[in-house]
Amino acid sequence: MSGTGTVIAVAYGIAVVVGATVAILVWSSTLRRRSVDRERLERRERTWFFVVLAVMTALLLGTIFFVPYGESAGKGAQVVRVTGVQFAWAVDPATVRAGRPVVFYVTSTDVNHGLGVYDASNRLLFQVQVPPDRTQKVVHTFSKPGRYRLLCLEFCGLDHDRMQAALEVTA
Amino acid sequence: MIDERGRDVARALALWYTVAATAILAVSGLLGVLMRDSQAGLGRLRPDFFYAIMTAHGLGAFLGWAGFAVMGLAWWVLASVGFPVRGAGLLLARLTWWLMVTGVLGIVVSTLLLDFGASWVFLYPLPLHGAGAWGEWATAVFSASALLAGLAIVTWCLGILHTVLGPALHAVSRNWANRYGVAIGLGYLWPRRFATNPVPVAYPVIPLAVIALDMIVATLPLAVLLVIQLVQAFAPSVSVDPLLAKNVLWWFGHPVVYLLLFPAAALYYLLVPRYAGRPLVAGNVIALAWGIAAIANVVVWAHHVYLDYPEGSVQGAINTAMQPTTFALVLPSALSLYSLGFTIYRSSFRWTPASTALFLGLVGWLLAGLSGIVNATIALDVAVHNTLWIVGHFHHMALLNIGLLVFGATYALLPELTGKALYSERLAWTHVWLTFSSGMVVFGLWLVQGLNGAPRRFAVLPHEYDTLTRVSIPFVFVLALAQAPFFWNVLQTLRGKGGVATFDERGIPEPARRPAGAWTVTALEGAIVLVSLGLAFAVGVAGFFLGRDSRAPAGHTVTVTVTSGGTGAAAGDTAAGARVFASAGCGACHTLAAAGSKGTVGPRLDGRALAVSLVEDRVRNGKGAMPSFEGRLSERQIRDVAAFVAQGSGQ
């Protein structure tokens with residue numbers, strides 16, 4: 001699992017446990033009839049509104065600066081051109097060095113494709129969509145040498161699942 | 001209140017829609033089972049058939065079942081809160097039924113018979129690049145059918161607007177904009193400006209009024225795209241910018257999710273208070289949330305294209321702007337869950353199969369909402385975009401929220417719609433709990449696989465994911481079998497086997513009083529389980545024999561055609577090679593006059609008189625940017641395409 005994947009798994013797991021606890025509390029509260037202060041609950045709706053607003057604002061501020069848009073590689077970057085066609089990737093060159101940024105210029109000649117790059121232990125390192133006749137730029141620095149796998153992550157037709165290629169990263 | 005005739009009209013509409021939707025569920029649900037079986041290697045389908053099924057399952061289950069069902073139940077919700085469907089509204093409601101049924105039938109024909117397999121989002125220009133799996137007729141029939149289903153959405157919206165803006169609204173103003181404001185609940189916030197006499201609009205009306213306007217705005221651009229796609233199938237010179245088309249698709253594609261969720265919210269608002277025995281706990285803030293939803297709903301589409309940001313486009317900026325608008329849509333869900341949760345909290349809630357399904361549906365809503373927040377966050381979406389996580393997310397939404405709501409509403413409302421008691425509460429209990437528990441496992445496994453990077457829409461997943469896929473199969477079967485008691489229960493209820501419906505003081509249907517000597521429920525349950533197991537097994541076996549993977553090297557006859565040209569005789573069928581050249585995508589990179597291709601990525605092949613052995617070597621092993629096609633093409637196909645290229649390059 002990638003680092004981001006682990007963060008999601010932990011956060012989602014905690015949220016689900018909290019949610020399930022609340023659901024069980026609501027269920028068990030119906031087993032014995034007790035009074036409830038409707039007016040207070042209706043007033044508290046406003047508090048809940050602001051709680052949700054605050055949580056979402058915090059999440060927004062905490063994540064919006066991590067968008068992948070407009071990356072630049074700096075000096076000494078290696079360049080790899082990747083072209084998607086139904087149902088193959090053309091990767092040029094197919095070998096890069098580890099430890100130096102790689103700028104991928106990705107394009108498609110026919111339909112929408114998606115480029116997903118996986119490491120040797122099958123972790124999804126990064127991905128980007130590839131609309132036809134446009135060039136999508138993505139920058140990545142491979143820390144470890146090895147053989148990396150390129151999959152198509154946007155459904156592109158009959159042999160979508162076979163649209164795979166390899167990228168060699170040398171020390 | 002509305003008169004008996006008005007109730008009869010709404011009853012008939014709700015029944016017609018839900019019966020058709022339930023039939024569609026039976027078919028599209030089975031298609032889903034076939035797909036997961038195939039991924040697990042149990043009855044592996046040919047890829048063209050897999051993707052055709054995937055397209056049919058997506059549109060069928062999503063729009064034809066869940067969407068169609070809540071659209072139909074909405075007519076009954078409106079009647080229940082005093083809004084009769086009349087005149088033009090009634091005509092539109094009936095027209096919607098015909099358009100939707102015709103559209104779904106067309107989709108079935110274009111996918112299952114004509115092999116159209118571009119997925120239900122038919123990402124332009126994929127429908128026009130069938131790669132030999134489907135042709136222009138399939139694309140045309142599919143586009144026309146999707147257009148009919150789209151029109152069904154528009155006519156439904158118009159019918160809903162006609163009904164909610166009519167005299168039953170009791171709005172003081174005659175101004176249409178003001179009346180619409182009343183219908184989406186603004187009277188709770190500004191009682192004087194959006195005045196009603198005597199009381200503000202009932203809560204269940206609000207989400208229906210919101211979605212009815214939004215879906216008209218959302219659907220019209222897609223309709224234009226579908227018409228262009230239909231024309232382009234036969235006249236290739238007509239075309240659209242693919243990135244624009246992608247935006248148009250999602251301009252529709254996100255709100256259409258809320259075509260399911262918002263009417264579902266209306267049903268929760270109607271039914272949960274009934275089972276809790278007290279009115280909805282809601283103040284005026286919920287109206288504010290729905291006002292936000294009405295606007296935000298049409299400006300969030302780009303969260304589906306977070307990973308499209310090609311150079312020289314403003315897509316990245318649009319995407320960034322749509323993270324906060326998407327977050328705004330958390331508000332109506334969070335407030336609805338608050339209201340519904342506290343309506344149940346400490347109430348004397350009556351736990352029947354219907355109300356349990358509604359309660360579990362709220363749990364599904366929460367689960368889908370939480371995974372949705374991940375998808376809505378750009379920094380997190382990069383890890384889960386187009387993985388099975390997304391599949392888990394929307395199955396939580398579609399089956400564990402909307403689906404359980406539809407089941408709950410069916411059990412709760414069938415008796416008042418038909419006057420017949422529900423046939424068996426026991427079958428309903430079995431159905432509800434098995435659906436929830438097996439669904440949790442099947443969809444939870446998708447979330448896990450997705451976090452591990454498993455791509456979605458793969459006929460065959462990379463082998464690393466095989467273990468969990470196989471683990472899910474028994475639960476997939478339980479989920480499928482759990483639906484058998486639902487169909488049987490509904491059928492027997494419609495046949496009047498449960499007797500005449502009776503209701504308690506809250507309007508909740510009471511269990512059927514079975515005459516002595518009738519079949520026992522236990523015997524029936526046993527029979528159903530056995531029959532369904534047999535059916536499932538038969539379907540599995542049939543799927544295996546029908547759709548065994550044809551891509552494995554096969555065939556005993558080898559056609560050797562000797563052709564002159566190039567540098568000598570070529571072994572391999574040049575005509576077959578031409579087809580391989582087209583379907584393997586060679587032309588996208590290479591220019592070859594014999595194939596009519598003009599690709600410029602790789603070397604031009606014309607006039608180079610290439611040797612067959614050289615071409616075979618390049619296809620087999622690749623070179624430089626050219627990938628290896630070994631394993632992707634069969635030995636036979638490699639020989640054929642090499643023969644074709646060698647011959648063509650000599651001309």
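Mentor: Let's take chain B, whose domain assignment gives domain 1 (4–545) and domain 2 (574–649); such bounds come from an automatic or database domain assignment. The centres of domain 1 of chain B and domain 2 of chain B, taken over C-alpha atoms, are separated by 46 Å. Keep in mind that this is a predicted model, where local features need pLDDT of at least 70, side-chain atom pairs count only at pLDDT 80 or more, and totals for chains, interfaces and linings use all residues. For finding your way, residues are numbered from 1 along each chain as its sequence is written, while chains are lettered from A and ligands numbered from 1 in the order in which they are written. The pLDDT itself is the predictor's confidence in each residue, from 0 to 100.

A residue is buried if 20 or more other C-beta atoms lie within 10 Å of its own, exposed if 12 or fewer, and partly exposed in between, with C-beta atoms placed from the backbone. Helices (H or I, at least four residues) and strands (E, at least two) are DSSP runs, numbered from the N terminus.

Now zoom in on B:Leu267. Apart from its neighbours within four places in sequence, B:Leu267 is in contact with B:Val70, B:Leu73, B:Val77, B:Leu405 and B:Ala409. "In contact" here says that the C-beta atoms of two residues, placed from the backbone, lie within 7 Å.

Next, find helix α12 (residues 353–376) of chain B. From first C-alpha to last, the 24 residues of α12(B) reach 34 Å, close to the 34 Å expected at 1.5 Å a residue; the expected span is 1.5 Å times one less than the number of residues. Is α12(B) largely enclosed or open? It is largely enclosed by the rest of the structure, because 22 of its 24 residues are buried.

In all, 81 residues of chain B are in contact with 77 residues of chain A. On the side of chain B that touches chain A, at least two residues each come from α2, α7 (242–253), α9 (285–296), α10 (315–328), α11 (330–344), α12 and α13 (378–384) of chain B. The most come from α11(B), which gives nine residues.

The loops of chain B deserve a visit too. B:Ala454 sits in the loop between α15 (425–451) and α16 (466–481) of chain B. With 24 other C-beta atoms within 10 Å, B:Ala454 is buried. Not counting residues up to four places away in sequence, B:Ala454 touches B:Thr387, B:Leu388, B:Gln449, B:Leu461 and B:Tyr465.

Another loop, between α3 (87–113) and α4 (136–164) of chain B, holds B:Pro125. A cis peptide bond with omega of about 5° joins B:Tyr124 and B:Pro125. B:Asp115 is also placed in the loop between α3 and α4 of chain B. Although B:Asp115 is not a glycine, it has a positive phi of about 65°. B:Asp115 counts as buried, since 20 other C-beta atoms lie within 10 Å.

Chain A has a radius of gyration of 23 Å, whereas a compact globule of 171 residues would be near 16 Å; the radius is taken over C-alpha atoms, and the globule rule is 2.2 Å times the number of residues to the power 0.38. Its C-alpha atoms fill a box of roughly 70 × 40 × 30 Å along the principal axes. The average pLDDT of chain A is 93, with 100% of the residues scoring at least 70.
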